[in-house]
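Thanks for coming. I will go through one structure today, feature by feature, and keep it short.

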Amino acid sequence: MRFFVRRLLQLIPVLLIVSFLTFLLLNLLPGGTKQIAVTVCPGCTNEEIAQVEKDLELDESIPVRYVNWLSDALQGDLGRSYINEVDVTQLLSERLPISLQLMLYAQIISLVIAIPLGVLAAYRANTRLDRTLSTSAFGLLSLPNFILGVLLVYFFAL
């Protein structure tokens with residue numbers, strides 16, 4: 001139990017650092033805050049864009065915006081999607097069950113395939129079959145997910 005608590009306490013600074021670096025990188029993208037405001041309010045005047053920047057707190061410094069975002073996120077307010085005109089929490093609650101279902105199916109399929117192949121490779125250790133299965137497994141693990149997804153769609157879509 002002590003190990004679990006210690007790991008959990010180590011997770012907190014890691015999450016803070018990763019979330020801050022992600023927030024920082026998103027704010028350092030080309031186009032800056034003016035581009036975000038123009039995206040939210042296309043065809044607006046400069047005064048309307050300035051108002052959108054103020055509403056989105058884009059006129060604040062990055063550390064202040066991060067602290068504001070973090071305090072809102074810890075309270076369950078993840079903001080509002082300006083594209084869908086809906087709260088982000090509502091979007092997540094609609095899409096999370098489907099994502100979990102897909103994750104469960106993918107895990108079951110991968111275990112149904114991986115366990116028998118792993119047992120076969122262990123049974124035939126140091127043979128050509130073992131080397132082929134191991135090489136194939138490492139090759140598939142090294143493929144990026146977006147490429148693997150396109151390949152699976154190509155081979156299995158009708």
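How many aromatic pairs does the count come to? Five aromatic pairs. Before going further, note that this is a predicted model, and every value I quote is computed from it. The ring pairs link F20, F23, Y66 and W69 into a cluster. As a reminder, a pair of aromatic rings is described by the distance of the centres and the angle of the planes. Here I give the membership of the cluster and leave the individual geometries for you to inspect.

S19 is in helix α1, and setting aside residues up to four places away in sequence, S19 touches Y66 and W69. Is S19 buried or exposed? It is buried: the relative accessible area of S19 is 19%, and the cut-off for buried is under 20%.

F23 turns up again too, this time with I62. I62 sits in helix α4, which covers residues 62-74. Leaving out neighbours within four places in sequence, I62 is in contact with F23, L24, N27 and L28. For a sense of the spacing in this model, take I62 and R131: they are 69 residues apart in sequence, and their C-alpha atoms are 51 Å apart in space.

Back to helix α1, which spans residues 2-27. Which residues make the nonpolar surface patch of about 1100 Å²? They are M1, F4, V5, L8, L9, L11, I12, V14, L15, L16 and V18. I will pick out two of them. L15 lies in α1 and is exposed, because its relative accessible area is 51% and exposed means over 50%. L11 is also placed in α1, but at a relative accessible area of 39% L11 is partly exposed. L11 also gives us another distance: L11 and Q35 are separated by 24 residues in sequence and by 34 Å in space, C-alpha to C-alpha.

Next, charges. In general, side chains of opposite charge can pair when their charged atoms come close. How many salt bridges does a search of the whole structure find? It finds two. One joins the side chains of D87 and R80, with an N to O distance of 3.5 Å. Both ends have some accessibility: D87 is partly exposed at 37%, and R80 is partly exposed at 40%. The other salt bridge is between the side chains of E94 and R95, at 3.6 Å, N to O. E94 counts as partly exposed at 42% relative accessibility, and R95 is partly exposed with a relative accessible area of 47%.

Now backbone angles. Most residues other than glycine have a negative phi, and most peptide bonds are trans. Against that background, E85 has a positive phi of about 60 degrees, although E85 is not a glycine. Where is E85 found? In the loop between β1 (80-81) and β2 (86-87). E85 is exposed, with a relative accessible area of 52%. N126 is another non-glycine residue with a positive phi of about 60 degrees. N126 lies in the loop between α5 (88-123) and α6 (128-142), and at 69% relative accessibility N126 counts as exposed.

Staying with helix α5, M103 is located there. M103 counts as exposed, at 51% relative accessibility. M103 and D72 are 31 residues apart in sequence, and the C-alpha to C-alpha distance between them is 28 Å.

Last, helix α7, residues 145-156.

To recap: the ring cluster is F20, F23, Y66 and W69, and the two salt bridges are D87 with R80 and E94 with R95. The positive phi values to look at are those of E85 and N126. That is what I have for today.

How values were computed: Residues are numbered from 1 along each chain as its sequence is written. This is a predicted model: local features need pLDDT of at least 70, side-chain atom pairs count only at pLDDT 80 or more; totals for chains, interfaces and linings use all residues. Side-chain values use heavy atoms; hydrogens and water are left out. Rings of Phe, Tyr and Trp (its six-membered ring) pair if their centres lie within 6.5 Å; planes under 30 degrees apart count as stacked, over 60 as edge-to-face and the rest as tilted. Patches are made of residues with over 30% relative accessible area and no salt bridge: like charges are joined within 9 Å, nonpolar side chains (Val, Leu, Ile, Met, Phe, Trp, Tyr) within 5 Å. Accessible areas come from the Shrake-Rupley method with a 1.4 Å probe; for residues, only the protein chains shown count as cover. A salt bridge is a side-chain nitrogen of Lys or Arg within 4 Å of a carboxyl oxygen of Asp or Glu. Helices (H or I, at least four residues) and strands (E, at least two) are DSSP runs, numbered from the N terminus. Buried means under 20% relative accessible area, exposed over 50%, partly exposed in between (1.4 Å probe, protein chains only). Contact means heavy atoms within 4.5 Å. The expected span of a helix is 1.5 Å times one less than its number of residues.
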